[in-house]
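The sequence and structure are shown first.

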Amino acid sequence: MVILITGISKGLGSGIASYYLEKGHTVYGISRSRNEDLEKYRNFHFLSLDLSDFNAIEKNLSGFIREPGHYDLVILNAGILTEIKDLKDCSLEEIKKVMDINVWANKLVIDLLFSNIGHILQIVAISSGASVYGNRGWNAYSVSKAALNMLIKLYARENEDTHFSSMAPGLIDSGMQEYIFSLPDDPRFSSIRKLKETRESGQMPTPAEAAQILALSIEKARNEESGSFLDVREMG
Ligand SMILES: NC(=O)c1ccc[n+]([C@@H]2O[C@H](COP(=O)([O-])OP(=O)(O)OC[C@H]3O[C@@H](n4cnc5c(N)ncnc54)[C@H](OP(=O)(O)O)[C@@H]3O)[C@@H](O)[C@H]2O)c1
């Protein structure tokens, strides 16, 4: 397969890129920083790009993505978490920052893919349970992932030859969880304690373990209606 993955420098993106590279697939990866572990693979191609810089996306992405001519799979994984706090305490600047990366950069990438590439079999946007739970404190992150789910549903309606899904990957012991783990317990935000307990009990998969679960779910997703929101924890 030829696969495009955003956010490959660490966390889930690094895990899923290694998973496919190890199986001999060709991976085109994007993030701001390099990932030396992936650069040992001859079937890995890298573009350093800041997805919050829309001018840079317009200027630099087309040449890179055009190279293989088709994609079997695109995984829109890059994302950022906001500080855990109430929505009323979030400035519009903070909200805009997370929406730019978690939603609008993905719109630009999808638009450039369809204007440059003839054939794209499957697009998976990495969403989150936070897109539907509405837990207190998850503010703009939850809003951004709910918007991402709808963005994907709408693109599915417009592009019937490509299979789309937004997918919650479950919990992953990545940099994002490091941040949650560093927070003091707060009775307003009960999910902090729950996430810490899950991590402490050893039930939070490493990025490599989460990547295996995700890859299986991506295969199964093709049997679901295009545009669906899917949660890997409910996919058997
Ligand atoms: N961790 C969890 O428990 C969890 C649960 C549900 C959903 N998710 C979702 O899973 C995805 C991966 O999360 P993760 O936990 O692996 O996070 P992570 O370890 O923080 O990795 C995030 C990746 O996104 C890239 N990225 C961030 N901002 C970028 C930018 N401006 N331009 C280009 N790339 C950028 C980062 O690369 P650079 O910094 O090098 O640019 C990095 O490779 C995210 O969409 C997240 O919302 C995670």
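The largest nonpolar core has 54 residues, and I3, V74 and I75 touch the most other members. A nonpolar core is a set of buried Ala, Val, Leu, Ile, Met, Phe, Trp, Tyr and Cys residues joined through C-beta atoms within 7 Å. A residue is buried if 20 or more other C-beta atoms lie within 10 Å of its own, exposed if 12 or fewer, and partly exposed in between, with C-beta atoms placed from the backbone. Another core, of 8 residues, lies apart from it and includes V98, W138, V143 and F189. V74 touches L4, L113, I120 and I123, residues up to four places away in sequence not being counted; contact requires C-beta atoms, placed from the backbone, within 7 Å.

The model is predicted: local features need pLDDT of at least 70 and side-chain atom pairs count only at pLDDT 80 or more, while totals for chains, interfaces and linings use all residues. Residues are numbered from 1 along each chain as its sequence is written.

**Helix pairs**

Helices (H or I, at least four residues) are DSSP runs numbered from the N terminus, as are strands (E, at least two). Axes are lines fitted to C-alpha atoms, for helices over the stretch in contact, and angles run from 0 to 180 degrees between N-to-C directions.

| Pair | Axes come within | Crossing angle |
|---|---|---|
| α3 (residues 54-66) and α4 (residues 92-116) | 10 Å | roughly 40 degrees |
| α4 and α6 (residues 139-158) | 9 Å | roughly 20 degrees |
| α1 and α9 (residues 207-221) | 8 Å | roughly 65 degrees |

Angles under 35 degrees count as roughly parallel, over 145 as roughly antiparallel, 65 to 115 as roughly perpendicular and the rest as oblique. A crossing is right-handed if the near helix is turned clockwise from the far one by less than a right angle, and left-handed if anticlockwise. For composition, Ala, Val, Leu, Ile, Met, Phe, Trp, Tyr, Cys and Pro count as nonpolar, Asp, Glu, Lys and Arg as charged, and the others, Gly among them, as polar.

α3 and α4 are oblique to each other, and their crossing is right-handed. On the α3 side the contact is made by F54, I57, L61, S62, I65 and R66, and on the α4 side by A105, L108, V109, L112, L113 and N116. These residues divide into 9 nonpolar, 2 polar and 1 charged.

α4 and α6 are roughly parallel to each other, with a right-handed crossing. Contributors from α4 include E94, I95, V98 and M99, and those from α6 include A140, Y141, S144 and K145. By class, this contact has 11 nonpolar, 3 polar and 3 charged residues.

The crossing of α1 and α9 is right-handed. The residues in contact include G11, L12, S14 and Y19 of α1, together with P207, A208, A211 and A215 of α9. Their contact has 9 nonpolar, 5 polar and no charged residues.

**Two residues**

Y19 lies in helix α1, residues 11-22. Y19 counts as partly exposed because it has 18 C-beta neighbours inside 10 Å. Not counting residues up to four places away in sequence, Y19 touches A211, Q212 and A215. The C-alpha atoms of Y19 and R42, 23 residues apart along the chain, are separated by 14 Å.

N139 is found in α6 and, with 22 C-beta neighbours inside 10 Å, counts as buried. Leaving aside neighbours within four places in sequence, N139 is in contact with T82, K85, D86, L87 and C90. The C-alpha atoms of N139 and D89 are separated by 9.1 Å, and these two residues are 50 residues apart along the chain.

How values were computed
Two residues are in contact if their C-beta atoms, placed from the backbone, lie within 7 Å.
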